[in-house]
Amino acid sequence: MPDMNQFDRTARLMGTQAVTKLGHARVAVFGLGAVGSFAVEALARAGVGYLRLVDFDRVDMSNINRQLYALHSTLGEKKAEIARARVQDIYPACDVDICDTFVNADSLDTLLSPDLDVVVDAIDGLNSKVNLLVAARQMDLCVVSSMGAGGRKEVSQIRTGDISDTQVCPLARVVRRRLHRRGVFTGIRCVYSLEPPVLSPDAKILPEQEAQDPGNSPGHGRQRPPMGTIPWIPGIFGLTLAAEAVQIITG
């Protein structure tokens, strides 16, 4: 059960019943980068009682401009390990299960389970993202998903909605297309932006690249130059995913 002293301000806003529900909730977060790290932060501070954190990656220098766990002091460390330590410092009673593995069709058999209340998709690789969304829907799990946050600067253009309602975002367009091929059309709550991806004047990559990226992971798909990012947009995407998850849990 959550310590009501720690969550007093939350209870004053949402009620003690909501805090109790969050304390019993089980949430899995896939991807602990720029979006996922902020989602985990908000879920832990909201008092979610169980968090399954999935990421195989380590912190590198290029992460520092936007990722919560990326500091000069954490370079080279596993993101999942950093996340667990931070969650347990925020909410010691939280049961944290870390999974240091790449997400694909095979690993999802062990990463998803029917006892999860919400699955949070903060994966940036297209194949892994689609596999996760399809598997979660096939298990009838509630899932919230991040579409493209890179290449955007305007906070006012961020929206939430069902995957079938997403617009403008090239990543969302390709995700929808792939989901349709596998029989999934609706039922996935998304965070997306109406702002078309922008490039710096000297960039040589296309906006559509975000929809083609199979994952910037050595040994896991074709490597492409990453899109530009700024600190605030991915963080807002992550916090919004957490808000959507909390809404699902508390009703």
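**Sheet, cores and rings**

Seven strands make up an open sheet, in the order β3-β2-β1-β4-β5-β7-β6, with mixed pairing. Its edge strands are β3 and β6 (158–162), each of which pairs on one side only. Neighbouring strands here are turned by 15° against each other on average, ignoring direction. Keep in mind that this is a predicted model.

Now look at β1 and β4. They run parallel, and four bridges join them. Take Val 29: its bridge partner in β4 is Val 120. On the sheet packs α4, which touches β2 and β3. The direction of α4 makes about 175° with that of β3.

Next, the cores. As a general point, nonpolar side chains in soluble globular proteins tend to be buried together. Here the largest nonpolar core has 44 residues. Which residues have the most contacts inside it? They are Val 27, Leu 43, Leu 51, Leu 53 and Val 120. Several elements each supply at least two residues of this core, including α2 (16–24), β1 (26–30), α3 (34–46) and β4 (118–121). The largest share comes from α8, with seven residues.

Stay on Leu 51 for a moment. Leaving aside neighbours within four places in sequence, its contacts include Val 27, Val 40, Leu 43, Val 87 and Val 96. Asp 95 and Asp 97 are also among them. Apart from the 44-residue core lies another core, of 33 residues. Leu 126, Cys 169, Ala 172 and Val 184 are among its members.

Now the rings. The count is two aromatic pairs. One is Phe 7 with Tyr 91, edge-to-face, at 5.0 Å centre to centre and 80° between the planes. This pair links distant parts of the chain, 84 residues apart. Phe 7 sits in the segment before α1 (8–14), and Tyr 91 in the loop between α4 (79–90) and β3 (95–99). Buried or exposed? Phe 7 is buried, at 1% relative accessible area. Tyr 91 is buried too, at 3%.

The other pair is Phe 56 with Phe 102. Their centres are 5.5 Å apart and their planes at 75°, so this pair is edge-to-face. Phe 56 lies in the loop between β2 (50–54) and α4, and Phe 102 in the loop between β3 and α5 (108–111), so the pair ties together parts 46 residues apart in sequence. Phe 56 is partly exposed, at 24%. Phe 102 counts as buried, at 18%, because the cut-off for buried is under 20%.

Arg 26 lies over the face of Tyr 50, 3.8 Å from the ring centre.

Note on methods
Residues are numbered from 1 along each chain as its sequence is written. This is a predicted model: local features need pLDDT of at least 70, side-chain atom pairs count only at pLDDT 80 or more; totals for chains, interfaces and linings use all residues. Side-chain values use heavy atoms; hydrogens and water are left out. Rings of Phe, Tyr and Trp (its six-membered ring) pair if their centres lie within 6.5 Å; planes under 30 degrees apart count as stacked, over 60 as edge-to-face and the rest as tilted. Buried means under 20% relative accessible area, exposed over 50%, partly exposed in between (1.4 Å probe, protein chains only). A charge sits over a ring if NZ of Lys or CZ of Arg is within 6 Å of the ring centre and within 35 degrees of the ring normal. A nonpolar core is a set of buried Ala, Val, Leu, Ile, Met, Phe, Trp, Tyr and Cys residues joined through side-chain atoms within 4.5 Å. Contact means heavy atoms within 4.5 Å. Two strands pair if DSSP finds at least two bridges between them. Axes are lines fitted to C-alpha atoms, for helices over the stretch in contact, and angles run from 0 to 180 degrees between N-to-C directions.
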